[in-house]
Amino acid sequence: MTGLAILIPVAIGLGLAGLAAFFWALSDDQFDDPDGAAARILTDEDDEA
Amino acid sequence: MNGPFQPGTAIVAAESRFAVPGMRCAGCISKIEHGLNARTGVHAARVNFTSKQVSIAHDPEISDADLGEAIRALGFEPTLIADIDAAKDETDTMRELLRALAVSGFAAMNVMLLSVSVWSGADGATRELFHWISALIALPAITYSGRPFYRSAWSALRHGRTNMDVPIAIGVTITAAMSLHETIVGGEHAYFESALMLLFFLLAGRALDAMMRRKVGDGVTALARQSAPGALVIDSDGASQWRKSAELESGMVMQLAAGERLAADGVVRSGTSAIDASLLTGESAPQPVAAGEKVFAGTLNIDAPITVEVTAAADETALADIGRLMETAGQSKSRYVRIADRGARLYAPVVHALAALTFVGWMIAGAGWHQAMLISVAVLIITCPCALGLAVPVAQVVATDALMKLGILVKHESALERLAEADRVVFDKTGTLTLDRPAPDNLDDLNADQKRVALALARTSRHPLASSLRRALENQGVRAADIDAAEERAGQGVFGRYRDQPVSLARPDTAQSTPAVALRAGDAPDIVIRFRDSLRPGAAEMVDAMAELGLPGSILSGDTAEAIRPVAKELRLTAQASARPDDKCAALERLGRAGDHVLMVGDGLNDGPALAAAHVSMAPGSASDVGQNAADLVFLGDSLAPLPVAVRVARRTMAIVRQNFALAIIYNVLAVPLAIAGFVTPLVAAVAMSLSSLIVIGNSLRLRSAR
């Protein structure tokens, strides 16, 4: 039972971390243009606006 | 770095967005962005490759037309997205759904882990602890993820209606409340994971639906761009002044150079010229006009300068009429009830009645209210519309992607449903069945030397026939001859000297049934080069294939009967000629009233109202902005072969959707009696729910190989 007291919070905490990462990515427009992001690595330019 | 605006830009910037379907590669992205950023007044241009759009932050002084012109100069065909706010709203909706989906997924998985140990035999204090942890995770997650359903259900109830979200909201709430009660009293069964899974699957369906809607990019109107931005107006004292279209008034006199587009309707005051009215009528051959004849906004003055007295400007032009016609014609489409909504109307009352009857039944049978409640909750969960909610969106998203790979873009959310119902097809001629590039018919009548002279002369003119002749000759590998003193005389042709002989490419002296030019060299007799519209490749096969699919075709064109006859004959179609935009609309409405579901295929501005009025419509990628926007589907490339393919895929999609519904119903028929009988534990509910959803998704994925 003591194991559970550690493992459950750890499991939930890890899940929450993933959820937070997803929320951040979503609000940072990371999913706005997936195809474009894939294509942009092919162009070599550093003067991105 | 992803924002369209540069940080630190102090000046107030306007934002414009264009759809640029032509971008295909990484090179296009940088070409458009660099090209636009290099222009003065443009603060930042950002391409979204996934949605094939470019958003431009720019000085308010730069008009959308200028920006469109700039994109065109870069070699891409842009369409202005008029309603940016609507597009942003859709992005916001999409994000809210994705957040809710993520939260419900996270919570469902964690609660499921806890539930598995409960199902495998944990009891006593452990079970109670796990139920409490589940409640702590599930209740906030349900509150958060359930918002889209609660909101929609509430607004439906407030207006005295019911929709699919009402049973969902009630089911989830009752399930959560019952489970909380079980947790508090230390009961055996808590259904938290079922409630969360239900939300998760439903949200997945909603998110797919929203994705689909975002792709279609509706609400785009670019009609105004078709008319000229303004005109040179001559005052009574002879002074001339440039005025914008909106400032033109009837009675003013416009001076029009050759090659200029009319900004208002009017009557020719002086001069003779030819007018290209294809935008309005679809007729490809230029119409001669003389003083006293009517000309319309949006048409192109080809041959010679003329002066035109304005009779109608701004909102009163025939062009603006077409815009209004399209608006009213499009309303019937928004009234179309999608198959999922039709299903939902039946579904909600049945489920509610079943759950209520179960409760009453068990009460009568002598079970306590607690047990009766628990069993009716199980009924609510087991009848969950997961499979129903996924049936349509998954199939449609898969089919849309498959079609996109075949060069067919689905532009309206219910387009596939309507296309599957089509049982008749009506074609426009110019630009739809034909390529709208008149091609010289009898080039073989010319010898090599004559071809070289013809090419040299044709190159000096921008008349449509001259450029078509030039293209055809260049394709044959002809090299132009050296010609001296070449000049273009408006309304007559191109004249020059070749080896000290006068040569010309001019209007033939004798009347011709088709567009034609005469090549004259010295005293030799004229050689008449005739032009004809060339059919798109695959036209005949397409007409046959459509007929085989049960869609007999006919032609509805603004062109003259003579121009249509050869095409109609070659394709063995009946035709209606000289149809103005409102005639086309009326013809389609007549067919619609007769019970036909018409698929309209057209491309021009003049087809816009008809495309909007038809049950479902398609346009080629070469279509005018208006044509493309009004159409439900757009096919790329010259060939007409995608038409029957689209119909077949649409029908297969709807067949799959119906199968999905059937699967969902079979599942309910099997599971509901079990639930009513009280055999459904949380474990059974969870398994049944996932299984039915997976089956529906798997069945829909079969569309990936659509052909």
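Biologist: What makes β9(B) and β12(B) count as paired strands?

Modeller: In this predicted model, strand β9, residues 273-276 of chain B, and β12(B) share two bridges in the antiparallel sense. At least two bridges are required, so the two strands pair.

Biologist: Which residue of β12(B) stands opposite D276(B)?

Modeller: L300(B) stands opposite D276(B).

Biologist: What makes β10 and β12 of chain B edge strands?

Modeller: Three strands form an open antiparallel sheet of chain B in the order β10-β9-β12. Each of β10 (287-289) and β12 (300-301) pairs on one side only, and they are the edge strands.

Biologist: How do you know that β8 of chain B pairs with β13 of chain B?

Modeller: Strand β8 (residues 265-270) and strand β13 (residues 306-312) of chain B are joined by five bridges, in the antiparallel sense. The cut-off is at least two bridges, so this counts as a pairing. One bridge partner of G266(B) is V310(B), in β13(B).

Biologist: Which strand of chain B pairs with β8(B) over two bridges?

Modeller: Strand β11 of chain B, residues 294-295, does so, in the antiparallel sense. In β11(B), G266(B) has V295(B) as its bridge partner.

Biologist: Why is L101(B) called buried?

Modeller: L101(B) has 22 C-beta neighbours inside 10 Å. The cut-off for a buried residue is 20 or more, so L101(B) is buried. The residue sits in helix α3 of chain B.

Biologist: Which residues is L101(B) in contact with, leaving aside neighbours within four places in sequence?

Modeller: They are F200(B), L203(B), A204(B) and A207(B).

Biologist: How do you know that the span of helix α5 of chain B is close to the expected one?

Modeller: Helix α5(B) covers residues 147-158, twelve in number. From first C-alpha to last it reaches 16 Å, and 16 Å is expected at 1.5 Å a residue.

Biologist: What puts the buried residues of α5(B) on the same side of the helix?

Modeller: The buried residues are P148(B), F149(B) and A153(B). They cover an arc of only 120 degrees around the axis, so they lie on the same side of α5(B).

Biologist: Which exposed residues does the face turned away from the buried side of α5(B) carry?

Modeller: That face carries R151(B), S155(B) and R158(B). Just after the helix, G160(B) has a positive phi of about 70 degrees.

Biologist: How many residues of chain B are in contact with chain A?

Modeller: 21 residues of chain B are in contact with 21 residues of chain A. On the side of chain B, α1 (26-37), β2 (42-48) and α3 (84-119) each give two or more residues. Helix α3(B) gives the largest share, seven residues. By class, this side of chain B has twelve nonpolar, seven polar and two charged residues.

Biologist: Which domains does chain B have?

Modeller: The domain assignment gives domain 1 (14-81), domain 2 (89-217 + 337-395 + 652-705), domain 3 (228-316) and domain 4 (442-513). Taken over C-alpha atoms, the centres of domain 3 and domain 4 of chain B are 29 Å apart.

Conventions. Residues are numbered from 1 along each chain as its sequence is written. Chains are lettered from A and ligands numbered from 1 in the order in which they are written. This is a predicted model: local features need pLDDT of at least 70, side-chain atom pairs count only at pLDDT 80 or more; totals for chains, interfaces and linings use all residues. Domain bounds come from an automatic or database domain assignment. Two residues are in contact if their C-beta atoms, placed from the backbone, lie within 7 Å. Helices (H or I, at least four residues) and strands (E, at least two) are DSSP runs, numbered from the N terminus. Ala, Val, Leu, Ile, Met, Phe, Trp, Tyr, Cys and Pro count as nonpolar, Asp, Glu, Lys and Arg as charged, and the others, Gly among them, as polar. A residue is buried if 20 or more other C-beta atoms lie within 10 Å of its own, exposed if 12 or fewer, and partly exposed in between; C-beta atoms are placed from the backbone. The expected span of a helix is 1.5 Å times one less than its number of residues. The arc is that of the directions from the helix axis to the C-beta atoms.
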